[in-house]
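Hello,

I am passing a structure on to you, and I hope you enjoy looking through it. Please open it first; my notes on what turned up follow below.

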Amino acid sequence: RLMGCFTLSCVFEMDTTPESYLDLFPLEAIVYLTPDSENVLEDINPDKVYVLGGLVDESIHKQLTLRRAREQCLQTARLPIREYMVKAPNSRNYHSETLAINQ
């Protein structure tokens, strides 16, 4: 039986604020997480600030968050979902690389 807190706010230190991350942190410390980045996030650097590039529904706008990060001159990375995802056979032969955040 699993016990304890397993939400993101328990695992990682997280704060929310109405202020922009661009005003709170130096640009070189920010890593903008976008699924379209060529850089795979393999390790968490405690000296970096990780910004979720966007929370989307079923309609995914390709390159939107990557363009935003580039416009702001930010480093980017993507979660290593495709590198570690186990693709189980299914009737539709469809495998989503979208991370569900509601489970």
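Which residues does Thr34 touch, not counting residues up to four places away in sequence? Thr34 touches Thr65, Leu66, Thr76, Ala77 and Arg78, where contact means heavy atoms within 4.5 Å.

Before you go on, please keep in mind that this is a predicted model, in which local features need pLDDT of at least 70 and side-chain atom pairs count only at pLDDT 80 or more, while totals for chains, interfaces and linings use all residues. Residues are numbered from 1 along each chain as its sequence is written, and side-chain values use heavy atoms, with hydrogens and water left out.

Back to Thr34, then. Its place is the loop between β1 and β2 (49-52); strands (E, at least two residues) and helices (H or I, at least four) are DSSP runs, numbered from the N terminus. Thr34 counts as buried at 1% relative accessibility. Here buried means under 20% relative accessible area, exposed over 50% and partly exposed in between (1.4 Å probe, protein chains only). The side chain of Thr34 makes a polar contact with the side chain of Thr65, at 2.5 Å. A polar atom of the Thr34 side chain also lies 3.4 Å from the backbone nitrogen of Leu66. For such a polar contact, a pair of N or O atoms must be within 3.5 Å; within protein, one must be able to donate a hydrogen and the other to accept it, and residues adjacent in sequence count only if both atoms are side-chain atoms.

Thr65 and Leu66 bring us to helix α3 (residues 64-71), whose buried residues are Thr65, Leu66 and Ala69. They cover an arc of only 100° around the axis, so they sit on the same side of α3; the arc is that of the directions from the helix axis to the C-beta atoms. These buried residues pack against β1 and β3 (75-77). On the face turned away from them, α3 carries the exposed residues Arg70 and Glu71. Cys73 follows α3 and has a positive phi, near 55°.

Ala69 also belongs to the largest nonpolar core, together with Tyr21, Ile30, Tyr32, Val51 and Leu74, six residues in all. A nonpolar core is a set of buried Ala, Val, Leu, Ile, Met, Phe, Trp, Tyr and Cys residues joined through side-chain atoms within 4.5 Å. Leaving aside neighbours within four places in sequence, Leu74 is in contact with Tyr21, Leu22, Leu27, Ile30, Tyr32 and Ala69.

How many aromatic pairs does the structure hold? There is one. Tyr21 and Tyr32 form this tilted pair, 6.1 Å centre to centre with 55° between the planes. Rings of Phe, Tyr and Trp (its six-membered ring) pair if their centres lie within 6.5 Å; planes under 30 degrees apart count as stacked, over 60 as edge-to-face and the rest as tilted. Tyr21 lies in helix α2 (residues 21-24) and Tyr32 in strand β1 (residues 30-33), so the pair ties together parts eleven residues apart in sequence.

Finally, have a look at Lys48, in the loop between β1 and β2. Lys48 is partly exposed, with a relative accessible area of 25%. The C-alpha atoms of Lys48 and Ala29 are 4.8 Å apart, although 19 residues separate the two in sequence. A polar atom of the Lys48 side chain lies 2.9 Å from the backbone oxygen of Glu28.

Best wishes
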